[in-house]
Amino acid sequence: MHLELLKVKGGKKLSGKIVASGAKNAMTKLLVASLLSDKKCTFYNVPNIGDVEITVDLCKEIGAEISWDKKEKILQILTKDLKTSYIPQRFSGSNRIPILMIGALLGRTTEDIIVPTVGGDQLGKRPVDFHISALQKLGATIEYREMKKEGAYLAHAHNGLSGSLITFPFPSVGATENAILAAVRAKGTTIIKNASIEPEIIDLILFLQKMGVRITIDSTRIISIKETKQFLQVEHTVLPDRNEIISYALAAISTQGRVFIEGAEHQLLLSFLDKLRETGAGFSIQKTGIEFFYQGPLRGGLHIETDVHPGFMTDWQQPFVVLLTQAQGSSVIHETVYENRFGYTHTLKEMGADIELFHQCLGNKECRFSLLNHKHSIIVRGPTELQAKNISIPDLRAGFAYVMAALLAPDVSTISNVPFLDRGYENLTHQLASLGADIKKVAVSAKKYEQHSLAADSKKELHLHPRVS
Ligand code: EPU
């Protein structure tokens, strides 16, 4: 059996043009939302990535008919009837999408629903507690059952769901989506307070409105949904992936290059662009996209606090930290969305980055992790020269940060666990190579792959990382 490693020889300036893909974190949810309806939905600008593949399989499993023209990026889905409401074990832990199936299926069937997830303490440590309590508020009965190897959620609403008031303690993206999906077919009106208003959620809301749903959103994070019984055929263009856009922008700037990203939308990137400007990097907003460029030494001295939209997104901090290793001065980053999302800095430090981790909230605001013992703030000092390394990727965004670091290191870095990148970045190797990077995938034997993973010694990080795509 052969497996793939990524080989990156750094030191090249990236420059050129790429086209933004559709957003992973919108497309996967739109597919699940389409299951609410018995009419055809057509999506344009569909990203050809692993997480969409997984979601397509998931939808087919329960009875969706899907045709996907990957070249044209068009996908059609029609779910006339549900074949089953049991999600097979093989989807357990594949990503965060299966849990959203509960919300969609509760609206479509009064039968029992089974959704597997990785075992143990699901309502506690790896939290989906906001999802569960929101669905319970709408009248669902949900329990978590230990199975032989893994556990599963058993859910049902034998008498249907009823609209209710849901107030989230924190504006969770996934829990807001689950609540919206379930609310579409719940009797009466559902009000969701302290809802997430990320652009991908707005895209979901726009899609649902096209589908015939009565749904509104106000300026104070309140979403209101009325019961919908009849659905319309829909055509929908998926919004561009803001995470992909900032990733290529930061990769190009950190190598002192420039990239024009066609389809990049200004309004998705406000807080990112403000921080980018503070570093002295350049950007020019044009009619068809945004150009990002290096224009002289980068400045550190930034203070970034990750936040929910419209704040600085948590998925942006990893590549931004790599950029800051190339900037003059010390910068502070306070992660306020995830309690433990700096595990990846360990490898960056081994590559030569000067990064210090802190339990305290380094910033103006005391976040919900202030009294917990998580290292959720860092100081990055730059500029530093990065050295090549054997690396094993623990998750998608850390993975891109490592690729960026490898692009800055003059020697060859070898990277394993590449499928993590393929789940969220379409054609990553090809895109970077087209910008001038010296990067290629190489097939190796299982034995060589194992040796690489051992040398990369990723274990130290694995337990620090939530695999949170
Ligand atoms: N949380 C709870 N209980 C819950 C749900 C969330 O305590 O029931 C906590 C989480 O532990 C976390 C915070 O709330 O500390 C935010 O989690 P959220 O639910 O908002 O995140 P998510 O829906 O699981 C999505 C994206 C992530 C992105 C976050 C934040 C998808 C598939 N994933 O995750 O994207 O970081 O929102 O914007 O949409 C990625 O694309 O690589 C990725 C990780």
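**A walk through sheet and helices**

The model you are looking at is predicted, so local features need pLDDT of at least 70 and side-chain atom pairs count only at pLDDT 80 or more, while totals for chains, interfaces and linings use all residues. Residues are numbered from 1 along each chain as its sequence is written, and side-chain values use heavy atoms, with hydrogens and water left out.

Strand β1 (residues 2-9) pairs with β23 in the antiparallel sense over eight bridges. Strands pair when DSSP finds at least two bridges between them. The names come from DSSP runs numbered from the N terminus: helices are H or I runs of at least four residues, and strands are E runs of at least two.

Now step back to the whole sheet. Four strands make an open sheet in the order β21-β22-β1-β23, with mixed pairing. At its edges are β21 (390-392) and β23 (438-445), each pairing on one side only. From one strand to the next, the twist averages 25 degrees.

Which strands does helix α11 (residues 396-408) lie across? They are β1, β21, β22 (412-416) and β23, and the helix runs at about 50 degrees to β1. Helix α14 (residues 446-456) also packs on the sheet, touching β1, β21, β22 and β23, and its direction makes about 120 degrees with that of β23. Angles here run from 0 to 180 degrees between N-to-C directions, and axes are lines fitted to C-alpha atoms, for helices over the stretch in contact. Contact means heavy atoms within 4.5 Å.

Elsewhere you can find a hairpin, formed by β15 and β16 with three residues between them. Strand β15 (residues 282-285) and strand β16 (residues 289-293) run antiparallel and are joined by four bridges.

Next, look at the helices. The axes of helix α1 (residues 24-34) and helix α5 (residues 173-184) come within 11 Å and cross at roughly 20 degrees. That makes α1 roughly parallel to α5, since angles under 35 degrees count as roughly parallel, over 145 as roughly antiparallel, 65 to 115 as roughly perpendicular and the rest as oblique. Where they touch, Asn25, Lys29, Val32 and Ala33 in α1 meet Val173, Glu177 and Leu181 in α5. By class, this contact of α1 with α5 has four nonpolar, one polar and two charged residues. Ala, Val, Leu, Ile, Met, Phe, Trp, Tyr, Cys and Pro count as nonpolar, Asp, Glu, Lys and Arg as charged, and the others, Gly among them, as polar.

Is α1 enclosed or open? Eleven of the eleven residues of α1 are buried, so this helix is largely enclosed by the rest of the structure. Buried means under 20% relative accessible area, exposed over 50%, and partly exposed in between (1.4 Å probe, protein chains only).

Helix α5 has another partner: its axis and that of helix α6 (residues 199-210) come within 11 Å and cross at roughly 10 degrees. That makes α5 roughly parallel to α6. Val173, Thr176, Glu177, Ile180 and Val184 in α5 meet Ile201, Leu204, Ile205 and Leu208 in α6.

Finally, visit glycine 103 in helix α3 (residues 98-108). At 0% relative accessibility, glycine 103 counts as buried. Beyond its neighbours within four places in sequence, glycine 103 is in contact with Leu135, Asn178, Leu181 and Ala182.
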